[in-house]
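Subject: Structure for your review

Dear colleague,

I am handing over the structure below, and after it you will find my notes on what was found. Please read them with the model open beside you.

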Amino acid sequence: MSLNENPQKLPLEVLQEHCANETAHYWKNKDNNSDFCFELFRRAILFGDQDVWEIIYRQYESQVKGWVRLHQGFADTGENIDYFVNRAFEKFWGRKFSPIEFSNFPNLRSLLSYLKSCVFAVITDYLRTLELVDFKPIEEHNPVAYVNSLESIEDNIAEQMEGEVLWSLLSGKMKDEREMLVLYDSFIYGLKPREIYIRYPGTFESIEEVYRIKENLLARLRRDEELKKFLAERAGELE
Amino acid sequence: MTKLTNTQLLMYLDGEADAELEGKIRESEGLQKRVQELAHLQNQLKIPLYRYRCPKAQELVEYQLGLLPGDRAEVIVNHLSGCPHCSREFAELHVFMDRETPLATFKKLVVQLVSGITDIGQTRLTPAYEVRGSADKLLIYEAEGIRISVDIQDDVDASGHKVLVGLITGMNAEDYSVQLWSAKNQIAETQIDDLGNFLISGIYPGEFELMIKGPEVEVQIQKLQI
């Protein structure tokens with residue numbers, strides 16, 4: 001079979017073979033043609049063909065493993081490489097690009113960049129979730145269980161809605177802009193008063209002042225019936 | 001019974017307490033109970049609120065790859081200018097992606113080492129080297145592990161003027177200052193905070209040079225369009 005043939009007309013098994021051969025040439029710094037691998041991605045993305053995705057997985061699995069190792073936060077996750085390899089491929093094929101969106105990918109290199117970016121995304125989201133575990137009571141410290149529980153609702157907006165409801169409840173109770181700033185940066189960004197003081201030069205007289213503002217707003221919130229009700233309902237839902 | 005304020009207890013929780021305060025709290029069951037109550041309240045608020053407005057990492061990468069529609073990209077730009085976590089992740093993303101196969105078409109810019117020869121980490125900088133920067137509002141400059149993000153925004157306090165919001169990662173920039181020059185005139189100078197952030201406001205649009213000056217190294221970003 002000639003390499004000059006239109007890849008879009010080739011049967012899948014031929015395409016697979018050419019892609020593997022041309023990839024091998026690429027790694028050996030020989031002349032190579034990436035059109036066959038590109039065509040595999042095109043069929044997988046535009047037609048959602050699971051068989052093609054499996055070929056792509058086998059073809060690029062080792063490369064994706066390398067990218068997982070490359071992520072500077074990978075070691076902090078405590079997870080194994082295969083977990084993130086699978087999640088990265090899932091992220092890619094779950095994205096379901098439209099034909100117009102697919103036109104943003106002019107070549108194989110751009111598609112592989114996207115696959116690589118999926119590696120970054122899944123590890124980064126995992127690390128974000130691990131940060132949340134630190135806020136859980138010590139008896140509930142179970143990072144793996146917690147991450148898994150959130151994975152099932154990853155694309156759900158429920159978490160975001162809950163945050164928005166709580167924020168609108170809290171922000172309405174702030175007395176001035178500085179309280180609002182301390183509230184926002186303390187709980188939405190998780191910053192300490194020292195960091196808040198540095199972040200807004202000239203806004204606060206001292207780190208101690210940021211602490212006093214935080215103390216006052218926490219004291220007020222602790223007495224607040226509306227917040228008590230919200231937190232009690234939330235605790236009830238989680239049980 | 002030791003009388004302590006909640007501010008002192010909050011400082012203890014943040015690891016900001018001195019040895020004497022720590023000792024008092026450790027010795028008192030009552031104080032420990034108050035500390036736990038404060039920690040519990042804070043965590044009850046943090047769990048639903050922490051980073052709830054942050055875009056998923058996938059959106060950050062699609063923004064970096066130029067795949068987001070304009071309105072959503074605008075939201076991400078605004079978010080990046082304020083969120084310390086996402087701006088850090090975004091800088092990490094650039095490092096990660098640039099190690100191989102960058103998709104975006106980067107505008108080539110030049111950063112020159114104008115004086116001083118130093119080791120930063122284990123890496124010796126060369127007198128002149130190329131860096132990459134995107135052509136959008138958020139410009140990224142990098143070389144030898146040092147990353148300088150420059151975000152240009154409208155100055156809400158001065159119509160027609162701009163604000164330059166910067167972030168330096170990959171080096172300890174605490175003792176560094178930032179100068180903005182136009183046609184050999186210094187327009188502004190500011191300090192870099194210990195998180196690597198700097199800000200210059202009230203800039204009338206034009207072409208500038210950005211100088212980052214420190215005890216060991218000076219970095220010059222030429223032809224910065226604001």
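Helices (H or I, at least four residues) and strands (E, at least two) are taken as DSSP runs and numbered from the N terminus. On that basis chain A has 13 helices and 0 strands, so that its pattern, read along the sequence, is α-α-α-α-α-α-α-α-α-α-α-α-α.

Please bear in mind that this is a predicted model, in which local features need pLDDT of at least 70 and side-chain atom pairs count only at pLDDT 80 or more, while totals for chains, interfaces and linings use all residues. Residues are numbered from 1 along each chain as its sequence is written, chains are lettered from A and ligands numbered from 1 in the order in which they are written, and side-chain values use heavy atoms, with hydrogens and water left out.

Chain A

For burial, I use under 20% relative accessible area for buried, over 50% for exposed and partly exposed for what lies in between, with a 1.4 Å probe and protein chains only. Helix α7 of chain A (residues 108–133) has 26 residues and spans 38 Å from its first C-alpha to its last, close to the 38 Å expected at 1.5 Å a residue, where the expected span is 1.5 Å times one less than the number of residues. Because 24 of its 26 residues are buried, α7(A) is largely enclosed by the rest of the structure.

Helix α5(A), with 15 residues, reaches 21 Å between its first and last C-alpha, close to the 21 Å expected at 1.5 Å a residue. Its buried residues include A:Ile81, A:Tyr83, A:Phe84 and A:Arg87. A:Lys96 is found in the loop between α5 (81–95) and α6 (99–102) of chain A, and it counts as exposed because its relative accessibility is 65%.

A:Asn4 belongs to the segment before α1 (12–27) of chain A and is exposed, with a relative accessible area of 76%. A:Asn4 and A:Asn33 are 29 residues apart in sequence, and their C-alpha atoms are 9.6 Å apart in space.

Chain B

Two strands are said to pair if DSSP finds at least two bridges between them. Strands β8 (residues 177–182) and β9 (residues 185–191) of chain B pair in the antiparallel sense over 6 bridges, with B:Leu180 opposite B:Ala188. The two strands form a hairpin with 2 residues between them, and B:Ala183 in the turn has a positive phi of about 50°. Strand β7 of chain B (residues 162–169) is mostly covered, since 6 of its 8 residues are buried. β7(B) pairs with strand β10 of chain B (residues 197–203) in the antiparallel sense over 5 bridges, and in β10(B) the bridge partner of B:Leu167 is B:Asn197.

In strand β6 of chain B (residues 146–154) lies B:Asp151, which counts as buried at 3% relative accessibility. The side chains of B:Asp151 and B:Gln153 are joined by a polar contact of 3.0 Å, a term that covers a pair of N or O atoms within 3.5 Å, where within protein one must be able to donate a hydrogen and the other to accept it, and residues adjacent in sequence count only if both atoms are side-chain atoms.

B:Arg51, in the loop between α3 and α4 (57–64) of chain B, has a positive phi near 60° in a residue other than glycine, and at 7% relative accessibility B:Arg51 counts as buried.

The second largest pocket

A pocket here is an open set of points on a 1 Å grid over the protein atoms alone, with protein on both sides within 12 Å along at least five of seven lines, and lining residues have an atom within 4 Å of a point. The second largest pocket is lined by 41 residues, of which A:Arg199, B:Ser81, B:Gly82, B:Val165 and B:Asn197 lie nearest its centre. The largest share of this lining, 5 residues, comes from helix α6 (residues 84–98) of chain B.

With best regards

How values were computed:
1 Å grid on protein atoms, 1.4 Å probe; cavity = no way out; pocket = protein on both sides within 12 Å on 5 of 7 lines; lining within 4 Å.
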